[in-house]
Amino acid sequence: MVDIDISWIADTFGSITPVLPMVLVIIGALLMPGIHLLLKRKNVTCAVSLAFVVVAAVFNVLLLLGHYTGTYYGLFTYDAFSGLMILLFQAVAFIAILIAGPSSETTRLHVGAFYSLMLIATAGMSFVATASDLLLIFVGVEMVSIPSYAMVAMKKKDPRASEAAVKYIIIGGLSSGLTIYGISMLFGLTGTTNIADIAAALATQGYTAGLVIALATMIAGYGFKIAAAPFHMWAPDVYEGAATPVSLFLATGSKKMGLVVYVKVFFVMFVTIQAAQPFMTESIQYVFAILAAITMTVGNILAIVQGNVKRMLAYSSIAQAGYMLMALAILSDWALTGAIYYMFAHVFMKGGAFVVVAALITAGVGETLKDYRGLAKRAPLLSAIMLLCVFSLAGIPPLAGFTAKFFLFSSAIIPGLGEPVSSQWIWLAFVAILNSAISLYYYAKIVKAMYIEKGESEEKVKVPVAFTVAAVLCVLGVIALGVYPEPFLYYCSQAALAIMP
Amino acid sequence: MFDEIFAEIPILILLLVIPLVGAVATLFMGGERQKYAKYVAGAFSGVTLVLAILLMFVDNTALLSENYLWIDAANIRISFILEMDGLSLLMVLLTALLVFLVVVFSASESDRPNYFHTLIMAMELGLMGVYLSADYFLFYIMWEVTLIPMYFMISWYGGPRRHYAAIKFFIYTHIASLVMLIGIFAVVFEAAAVNPGVIADFSFAAVNAASGSFGEVFQVLVFGLLFFGFAVKMPAVPFHTWLPDAHVEAPTGGSVLLAGVMLKMGSYGIIRVALNALPDGAIWWAEIILVVALISIVYGAYACIAQTDLKKMVAYSSINHMGMVMLGIAASLLYVKYAASPDASIAQIGIMFAVFQMFAHGLVTAVLFMVCGYTGHALGTREIPLLGGLAGKLPAYATFMMVGFMASLGLPGLVGFWGEFGVIFSFYVAAEAMGMIWLIVFCLLSIMLNAGFYIWAMQRTLFGRETTKIDLSHVHDVSKAEGFALAVLCVIIALFGIWPDFALGYIETFVANFAIPGV
């Protein structure tokens, strides 16, 4: 593909090059309260934090295009996978910050702190994507979780937000506890926290009770982050209660971080020991397959009865996580490629939907299906964007959601590059396709409300331009990933190959 | 002479691009400009029609093909392949013709006409795509592209129960498409699996090349998936329940395109995809296809008699006529399965006339739905018991209705006759090979019922004493635009009725290259 010379970056930044995208965002996070204190202009603070994300993203894209790989003292590894994931988190942060500026829901008091928290969380996600050690990953996850609790709680006047924040902290604490317990068990069994070394140690050990407990607690602990059923109960409350830009950040970013952890820990571990421990690997594959099937089914079925669009989108996010979990069950490079592709498609389609929701709340329209009636006449552009995003989520071609589902579901039939068709996971593909059919029903309810039902008000909806820009960017992503997947698919497969041993 | 020109320009791509540009252009014609949307749509659909007609004069033994690589991943190859043979040509011609005439017929549409025409043009894009694509991925995308405009067409411009009908149509056919998608996955990946080292290529050609190595059980199972997907679209009893609702609520333009060309996607899919990719599966399923076809024929015709709504009656007659298409396909398969030494040229007859019946039904049903549409908006009701004696007051309307009804019931000299005649002939041959000639009784029953309900309906609406149940004092005969669209169709119906070979010539070149399963 594209080949560009990036040696000047490595020459300038030396050993910190692998963590450069993360460091830039951290610098931004540290400066943000000061900048707000000096300038006291909400929009300027927003713009400066956006600038930091953009600069970090530019460097990250350059590193990605230059096929850079490097490690920072063995702690952080930058490769095609972590680079692509950092790009995803930066895209999420960009959209969230862009709409947080004009949104009426975000805090008016602690503006500097808000953007600082968001940047710290973004850096934390990059931290997780590059880390190659269980403890570092744990620290990275906490670096995302703690700012997230604060961001949810910052919508002070809404009692739902306080409830959501308390719920989120309690569940988050439980999940951290479970995870660190599992990590300590694993450390006791293998004597290391480095994932590659753990895998090497497990290849010679069989199943023990300790290992079962360690894996179960870690799967559950990070399962809360992904909101995989049955660890999903907090997600709808939190997404509904939080300010919509924060919900967007959690649903598209934080959830992906959980998936990245699953990939970095379990995918890597079991792909490595697949040959040495076939029984152990296969049993874990089935655990993930059942987890995926339950998650997508629960998410889709519960979404049907929701009347609040934000809540409906929250349940739909749960279902979408179920699709992406399929990669861990199938455990092949092609499945991982499909899942990575899906993650990006999900950022754009779910991001676009949340941007529209945020815009409509700011414009005073509301967030229930009832409020959306007749919206097509009042806000034609936003309605069209919402239409494309939800049709993409339902997997209707030629949008990103379809293409992504196509790649991911096909991996359930033909697992790996050049491998024969396998009948092992075809049932999972059936469950996933059936779920796509169910999901169309509630997505169609949103479209029906906007385009077909008549609303009480005929007044045009006016939204700040930043919302329109963010929504258009998302929808361009949805169309581009849907119609011309080839170049992007290449980077996804490079990322997947970087993960394979 | 056109061959050289077409060698230079990518005409098949143009058949997709022109409707797309038309859809986008009309989409942005809001406000004051929306009354000009019909001219823009007319121009774009007219150009498409001209291109489609020009294609008829290409040396028809040659296969037009345009091939662009789309996605070339490590283990999946998806191409943007458009191919045109005799079957595609007839369907493309039908699509272009009906879309143009629908635009003309709907000239008086005053409720948001720009979006109406956007939907029509978007549908044309999807339909052209389905009939031209030679890659499973593209085929599926185009298949779904036709769905969304039709959903909005029904739910924006439809009758009183339009929301229910639109959502029922959307979900019913979308689920069928997903089942078809599973079938597509299966054939593509099985094609990759039987040839180790070959990547999964989504083109029709790659799958057809490998179809000889598919296992028997696999073929039977996957044919079931594909057949379900296509049969819902056709629609075949018992998967037909979305059709009457969708038709009754859809606006006239939507109904014409739905019955005229969208139903053909189902039978087109069976012939183009299922028979080619899974020949053994098709042979195994032959009896089931026959039973479904016979039930559709008899049930469709029988249900027509019970209808009091003119449009609902026509909708049910579509089930009957599409059943005839399926019967033609079943006849070919059964002849091959049961004849002692099957002759390829006889086996082709069923498929050949099934295709002709698709073409004929598209033309005839367009007339019928236009007539029903006129009845609904001019007289305010389509209830047959409320009508009567309209021939005196509305002579042009009565003429078009009679031509449509006569063509639909299979009067010799009109296009409908040849389709039914050929299909029943091929079925007779197959029934003879099976040793069950008595099965032909169902066809005779269908012919009788068809003649019965059409003539009865005509008698009650057009002849007898002029109705007093509705106010006819302000009713005018069909407008110039409506009359033009109907007259063009009636002329074509008569033309192909007298000279069916004009269409059969294209079908012959298609079936000559078509591998009938088992021969």
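How many of the 20 residues of α5(A) are buried? The count is 19, leaving this helix mostly covered. Keep in mind as you look around that this is a predicted model.

Now hop over to chain B and find α8, residues 162–194. This helix has 33 residues and reaches 47 Å from its first C-alpha to its last, close to the expected 48 Å. α8(B) is largely enclosed by the rest of the structure, because 27 of its 33 residues are buried.

## Where the chains meet

Chain A puts 24 residues in contact with 28 residues of chain B. On the chain A side, α18 (426–451) and α20 (486–499) each supply at least two of the touching residues. The largest share comes from α18(A), with 8 residues.

What is that side of chain A made of, in nonpolar, polar and charged residues? It divides into 19 nonpolar, 4 polar and 1 charged.

## Inside the core

The largest nonpolar core has 434 residues. A:Met326, A:Val355 and B:Val367 are the ones with the most contacts inside it.

Take B:Val367 as an example. Setting aside neighbours within four places in sequence, B:Val367 is in contact with B:Phe400, B:Val403 and B:Gly404, and also with B:Leu486, B:Leu489, B:Cys490 and B:Ile493.

Definitions and conventions. Residues numbered from 1 in each chain as written. Chains lettered and ligands numbered in written order. Predicted model: local features only at pLDDT ≥ 70, side-chain atom pairs only at ≥ 80, totals over all residues. Helix = DSSP H or I, 4+ residues; strand = E, 2+ residues; numbered from the N terminus. Expected span 1.5 Å × (residues − 1). Buried ≥ 20, exposed ≤ 12 C-beta atoms within 10 Å, placed from the backbone. Contact = placed C-beta atoms within 7 Å. Nonpolar A, V, L, I, M, F, W, Y, C, P; charged D, E, K, R; others polar. Core = buried A, V, L, I, M, F, W, Y, C linked by C-beta atoms within 7 Å.
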